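Hi,

Here's the structure I promised to pass on to you. Have a look at it first, and then read my notes below.

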Amino acid sequence: MIKEFAFGLAKRHYFQDASELSSWQKLANDTYMSLYDYDEYVAEYFAKHQKLAGFDGLVYIPDEFILDVDGNTIEEARKRTVGLTILLKDLDVPYKLYFSGRGFHVNIPQTSFRWKPDVNLHLKVKDSLTRAGIFEYADPAVTDKTRLIRINNTRNCKSGLYKVAIKEEWLFESVDVEVIKEYAKRPQPNNDIELEGSPVFDVLLRQDAKVQVKEKQEFSSNTARIPDPVYHTCIQRMLDSNEVGKRHTTALRIAAHLRWRYPEYVVYNVMEEWRQRVDRTDSRFTTEEMKKLVEGCYTGHNGKGYRWGCQDPIMDAHCSDMCSLYKTKKSTSVMEASEMEKTLVDFLINNINPVNLGKLYNQDFPIYPGEVVIVQAPPKSMKTMLLQNWVNSFKKETYFMEMEMSPRQIWSRFVMIENDWSEEQLLEHYKNSRNGMDKRFKWLTVDYNAPYANELEKRITMLPRRPEVVVVDHMGLFKSNHKDNNMKVEEVSQAIMEIAVKYGIIIFAVSEITKQAFHEGMNIASGKGSFRTAYNANKVLSVAPLKDSDGLIKMLHVKCEANRERENLDVKLSVNNVNIGVLE
């Protein structure tokens, strides 16, 4: 069997035989493995797609399946683990206990499952464990198909503690949490007891909570396959709904939306597939009913057809502030408490994953979609190279606006950063006509032409794939009709802030600093232009270079000057050729 191994969440996709697990232990940094096992196809899939998103191969339950238990505190996680162990004992499922560095892991044997390899095995496992009540205590997110989980005897860099095997009596309140923490300050002996249990969880068939007339087809839950949430979010949500009592009114809105955009046969096919998914034995939704509803969307209002807009109560109930039409609604300028709470709930339940810049440096500094990060630095301080290191680590779909350097310089740097090469190694590679590096950068688009601020949105929306990250290097090089530099930069900062919010994009924008800041040191007021630039940013980072006696930059000090959230970033980075990393 094959497992994926990873050095932290940013350096994934090391595929090795599961028997090599011991060689990944006793490492003093965040080290992970895939929860599930795979066959050789997983490496073939990654080689072809350069990602695991949408992986369509077979999934295998490992020798020991790991249940993850977390809490706001170790004490809270310990109490939840006690509840889980009581449940497992009632189910006659044997287990091993581990402290994970912040919470607890509970390993149960493969033999506790009645299973066979399957493309959707992870969904079947999740359903079976849910029915058994396991996820009243454990985290269900860990059961995703390509989820990683911490390896035994590796260090949790956030807590500074190792994942270690523990005794069951340490779950009792009579044992102080500090005892566990002290024990986890270094690697400890493994628990090599072999677990053996009888099948308790039947995952050969996936059982839905509701019996459908037609079995619902299973689709990938991977985020790479979901539609862009900025386009007609209400329709997307209604397509996923199946609430009895609202199915007919919902069907009318969906069909009316499609009726004005697609041929009639497409509308009927989509609506019939939706009808089959929401039809139930105890509450029928017939083909004849659906045909009449769709026909009404064409013939209603004396043949003009039905239309519903954002103000319709049914559409509004499925609305989201992520939608590109959201700001056009009349009601959004003034919001009641319930509307603001709905906005927060939508954000939380959508499981929006941030880009955690701090994790690159063993800190915590998440940047969420819709946020603008201003990077301010003196001239010639390697800020472009630093940004290249960041986006190369993220490997998110990136639109890099570079208005200072040439394509040759930018590409050379990216290839050297990716491979940790010197200029001589780069020259040797291309001298021998060994191309193909472009396949590693399918996530990258670079624009070398300076736009006007009002052109930026059009450029982004015209890209074949909407970017997750945009880099603006730098704001002062935008074209503008303003003669005053302050007005020019303010116009650009306002434009990028609106685009980030509207399309849920993370934007890094480079800002020049004033001469006074250059001589006296940087703060939130250091960027050129008015204070409006800082107001339009969610986070402001300063980059201060330190040079050696030869005038060469040997270190960069990256510091957070302002953040609308609580996290901080303060790190000194070493400069090694084009690679910029944590100062040893």
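**What I found**

Leaving out residues up to four places away in sequence, Glu418 touches Asn392, Lys395, Arg440 and Phe441; contact here means heavy atoms within 4.5 Å. Before we go on, this is a predicted model, where local features need pLDDT of at least 70 and side-chain atom pairs count only at pLDDT 80 or more, while totals for chains, interfaces and linings use all residues. Residues are numbered from 1 along each chain as its sequence is written, and side-chain values use heavy atoms, with hydrogens and water left out.

**More on Glu418**

Where does Glu418 sit? You'll find Glu418 in helix 12, which covers residues 407–419. (Helices are DSSP runs of H or I with at least four residues, strands are runs of E with at least two, and both are numbered from the N terminus.) Glu418 counts as partly exposed, because its relative accessibility is 23%; buried means under 20% relative accessible area, exposed over 50%, and partly exposed in between, using a 1.4 Å probe and protein chains only.

The side chain of Glu418 also makes a polar contact with the side chain of Lys395, at 2.8 Å. A polar contact is a pair of N or O atoms within 3.5 Å; within protein, one must be able to donate a hydrogen and the other to accept it, and residues adjacent in sequence count only if both atoms are side-chain atoms. Then there's Asn579: Glu418 and Asn579 are 161 residues apart in sequence, but 8.8 Å apart in space from C-alpha to C-alpha.

**Rings**

Rings of Phe, Tyr and Trp (its six-membered ring) pair if their centres lie within 6.5 Å; planes under 30 degrees apart count as stacked, over 60 as edge-to-face, and the rest as tilted. That rule gives 23 aromatic pairs. In one of them, the ring centres of Phe441 and Trp443 are 5.7 Å apart and their planes are at 45 degrees, so this pair is tilted. Both partners are buried: Phe441 has a relative accessible area of 4%, and Trp443 has 7%.

A charge can sit over a ring too, if NZ of Lys or CZ of Arg is within 6 Å of the ring centre and within 35 degrees of the ring normal. Arg259 does this over the face of Trp260, 3.7 Å from the ring centre, and the charged end of Lys163 sits over Tyr98, 5.2 Å from the centre of its ring.

**Helix 7**

Which residues of helix 7 are buried? They are Val267, Met271, Trp274, Arg275, Arg277 and Val278. These residues cover an arc of only 160 degrees around the axis, so they lie on the same side of helix 7; the arc is that of the directions from the helix axis to the C-beta atoms. Tyr265 and Asn269, on the other side of helix 7, are exposed. The cover over the buried residues includes helix 5 (233–240), helix 6 (247–259) and helix 8 (287–303).

Arg275 is worth a click: it lies in helix 7 (residues 264–278) and is buried, with a relative accessible area of 8%. Its side chain makes a polar contact with the side chain of Thr287 at 3.3 Å. Setting aside neighbours within four places in sequence, Arg275 is in contact with Phe285, Thr286, Thr287 and Met290.

The peptide bond from Asp473 to His474 is cis, with omega near 0 degrees. His474 is in the loop between strand 18 (469–473) and helix 15. His13 isn't a glycine, yet its phi is positive, near 70 degrees; you'll find His13 in strand 2 (residues 11–17). Asp92 isn't a glycine either, and has a positive phi of about 60 degrees. Asp92 lies in the loop between helix 2 (74–90) and strand 5 (96–99), and counts as exposed at 59% relative accessibility.

**The whole chain**

Zooming out, the chain has 17 helices and 23 strands. Of its 584 residues, 46% count as buried. Among contacts with a separation of 6 or more, 67% come from residues 24 or more positions apart.

Cheers!
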